[in-house]
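Thanks for coming. Please have the model up as I talk.

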Amino acid sequence: MRHTLNKTIVLVGMMGAGKTAVGRALAAKIGAPFLDSDAEIVQAANMSIPEIFSRDGEPFFRARETEVIRRLLNADEKSILSTGGGAFLAEENRSLISDLGVSVFLEADLDLLWSRVGHKDTRPLLRTPNPRATLAEIFEVRAPVYARADIKVTAQPEYSIAQMADKVLAAL
Ligand code: S3P
């Protein structure tokens, strides 16, 4: 199905919510381009996200993230854009997204998020003595901000990626 988007669909939410996987499935389903802000940053820097955080620091990463979001949202071709979990926290990013896109919060509870990110070592923010407690703290701070997205779709452990993509599409 070719679906002409008149705005870029921006997926926001916590690490492990499924933004990249669901975004890719949704893009394939409607025949729209799929973009991922983390992947764009990694490609431009030619470094992994943990390398960027440890070499240049989180503020540098956040500045690159805003640049990438601005550039991708201003592109003529509308797309499905997956963002890193911290992207929606910055006022500047939220305002770019609300001007030029539609924000979709992929909500998931802490157990589901942890089951997906707990065994991975790719999230620098979780490199702490107690990563589960850190994830819980981040979750608590961010939940009210994510709730400001235009649309919310809630994940459940039993939902497949394709089902989540269908739910997002139905909510648009
Ligand atoms: C971050 C989430 C990551 C990545 C970076 C920071 C965050 O993206 O942008 O590690 O602040 O939550 P995912 O949400 O895709 O894991």
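Start with helix 6, which passes helix 7 in a right-handed crossing; right-handed is when the near helix is turned clockwise from the far one by less than a right angle, left-handed when anticlockwise. The residues making this contact are Leu110, Asp111, Leu113, Trp114 and Val117 on helix 6, with Pro131, Arg132, Leu135, Ala136 and Phe139 on helix 7; contact is heavy atoms within 4.5 Å. By class, those residues are 8 nonpolar, no polar and 2 charged (nonpolar is Ala, Val, Leu, Ile, Met, Phe, Trp, Tyr, Cys and Pro; charged is Asp, Glu, Lys and Arg; the others, Gly among them, are polar).

A word on provenance: this is a predicted model, where local features need pLDDT of at least 70, side-chain atom pairs count only at pLDDT 80 or more, and totals for chains, interfaces and linings use all residues. Residues are numbered from 1 along each chain as its sequence is written, and side-chain values use heavy atoms, with hydrogens and water left out.

Back to the geometry. Axes are lines fitted to C-alpha atoms, for helices over the stretch in contact, and angles run from 0 to 180 degrees between N-to-C directions. Helices are DSSP runs of H or I, at least four residues, and strands are runs of E, at least two, numbered from the N terminus.

Next, helix 1 (residues 19–30) and helix 8 (residues 161–171) pack at about 65°, their axes 8 Å apart. That makes helix 1 roughly perpendicular to helix 8.

How many aromatic pairs are there? The count is 2, where rings of Phe, Tyr and Trp (its six-membered ring) pair if their centres lie within 6.5 Å; planes under 30 degrees apart are stacked, over 60 edge-to-face, the rest tilted. Phe53 and Phe61 form a tilted pair, 4.9 Å centre to centre with 40° between the planes. Phe105 and Tyr146 form a stacked one, at 5.2 Å and 25°. This pair links distant parts of the chain, with Phe105 in strand 4 (residues 101–107) and Tyr146 in helix 7, 41 residues apart. Phe105 is buried at 7% relative accessible area (buried is under 20%, exposed over 50%, partly exposed in between, with a 1.4 Å probe and protein chains only). Tyr146 is buried too, at 1%.

Conventions
Angles under 35 degrees count as roughly parallel, over 145 as roughly antiparallel, 65 to 115 as roughly perpendicular and the rest as oblique.
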